[in-house]
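Please look at the model first.

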Amino acid sequence: YFSNTGLSLLLYSQPALLDLSAGTNEKTLIDILTQRSNVQRQLICKAYQEDATGKTLVEDLEGDTHSHFEDLLVALVTPPAIYDSQEFHKALKGVGTNDSALIEIFATRSNKQMKEISDAYLKQTEKKLTLDLKNEISGEFAKAILILAEGKRDENTHVDAAKAKEDAKTLYTAGEKKWGTDESKFIDILCQRSIPQLRQTLVEYKTISGKSLQESIEGEMSGELEELLVAIVKCVKNVPAYLAERLHQGMKGGGTDECILNRIMVSRSEIDMLDIRAEFKKLYSYSLHSAIEAIRYLIGTMVRVGVQI
């Protein structure tokens with residue numbers, strides 16, 4: 001056992017631990033950084049800079065590790081809101097907007113988390129998150145994302161059954177029952193009603209239409225708005241199952257999207273990773289651990305974030 005200061009001094013007193021070229025230090029870094037909570041890792045970072053090296057741990061990790069392994073370790077020592085804001089900025093400012101990453105972030109974060117992300121983004125970039133969004137995306141997709149970004153979802157836990165029926169009828173009338181789709185109705189309801197309220201609305205919608213709301217959205221809409229609204233519906237039903245699907249998407253096919261794996265494994269490690277693991281096994285009949293190990297050794301270390309924290 002080491003105190004947080006002791007861990008920092010351990011890294012400092014044995015510089016070889018940060019020299020990964022010899023291939024002998026990965027286990028120590030992984031063991032230290034994945035077996036502590038993010039709060040503990042922030043204390044380690046503070047002690048590492050103030051009591052040990054005079055440099056930030058991020059600087060040393062960036063200098064002595066590489067590629068996706070570096071990305072993972074840096075993510076682990078970054079405060080959650082700052083990490084989310086960086087992922088948002090990366091999705092927004094890359095070569096073409098990464099709509100799927102934006103959707104994953106905005107569909108799964110609470111009002112409180114969105115406020116923290118917005119504050120972190122303003123501090124990091126000196127720009128308002130919502131203004132940057134308006135400059136990069138447009139149309140009904142932008143309208144929906146902005147509502148989520150502004151944290152306007154009702155957080156009342158009380159379920160109004162009559163309102164759920166009314167909303168279900170509104171959605172049916174706006175979609176299945178008419179020629180063309182009134183997308184604004186879907187946006188207003190799905191982006192602003194509370195999660196418990198929406199769960200009841202899904203039940204009422206199935207009763208009225210004979211099909212699920214997800215099926216209706218998939219049949220009536222297309223593009224990034226469809227993807228966002230389907231993601232919201234999936235999250236209303238089961239956030240861990242949605243994220244398990246995202247992890248599977250990141251690992252299937254000819255390549256691996258390490259950004260998806262890093263983002264979900266790190267950001268959910270102290271929230272619902274055990275549930276994500278269970279949903280993954282339920283959906284795909286093999287474990288998340290075995291899926292990640294099957295890719296390659298370094299990516300396999302990510303699973304420890306979920307297993308050990």
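Predicted model: local features only at pLDDT ≥ 70, side-chain atom pairs only at ≥ 80, totals over all residues.

## Helix crossing

Residues are numbered from 1 along each chain as its sequence is written, and side-chain values use heavy atoms, with hydrogens and water left out.

Helix H7 spans residues 99–108 and helix H15 residues 223–251; helices are DSSP runs of H or I with at least four residues, numbered from the N terminus. Their axes come within 9 Å and cross at roughly 60 degrees. Axes are lines fitted to C-alpha atoms over the stretch in contact, and angles run from 0 to 180 degrees between N-to-C directions. H7 and H15 are therefore oblique to each other (angles under 35 degrees count as roughly parallel, over 145 as roughly antiparallel, 65 to 115 as roughly perpendicular and the rest as oblique).

## Contact residues

On H7 the contact (heavy atoms within 4.5 Å) involves Asp99, Ser100, Ala101, Ile103, Glu104, Ala107 and Thr108. H15 contributes Glu224, Glu227, Leu228, Ala231, Ile232, Cys235, Val239, Tyr242, Leu243 and Arg246. By class, 10 of the residues in the contact of H7 with H15 are nonpolar, 2 polar and 5 charged (Ala, Val, Leu, Ile, Met, Phe, Trp, Tyr, Cys and Pro count as nonpolar, Asp, Glu, Lys and Arg as charged, the others, Gly among them, as polar).

## Salt bridges

The structure holds 17 salt bridges (a side-chain nitrogen of Lys or Arg within 4 Å of a carboxyl oxygen of Asp or Glu). One of them joins Asp167 and Arg193, with the closest N and O atoms 2.6 Å apart. Asp167 lies in helix H11 (residues 161–174) and Arg193 in the loop between H12 and H13, so the pair ties together parts 26 residues apart in sequence. Asp167 is buried at 2% relative accessible area, whereas Arg193 is partly exposed at 22% (buried is under 20%, exposed over 50%, partly exposed in between, with a 1.4 Å probe and protein chains only).

Within helix H6 (residues 80–93), Glu87 and Lys90 lie 3 residues apart, about one turn of the helix. Their side chains form a salt bridge of 2.9 Å, N to O. Glu87 is buried at 5% and Lys90 partly exposed at 46%. Salt bridges that share partners join Glu87, Lys90, Glu104, Arg246 and Arg263 into one network.

Key. Helix = DSSP H or I, 4+ residues; strand = E, 2+ residues; numbered from the N terminus.
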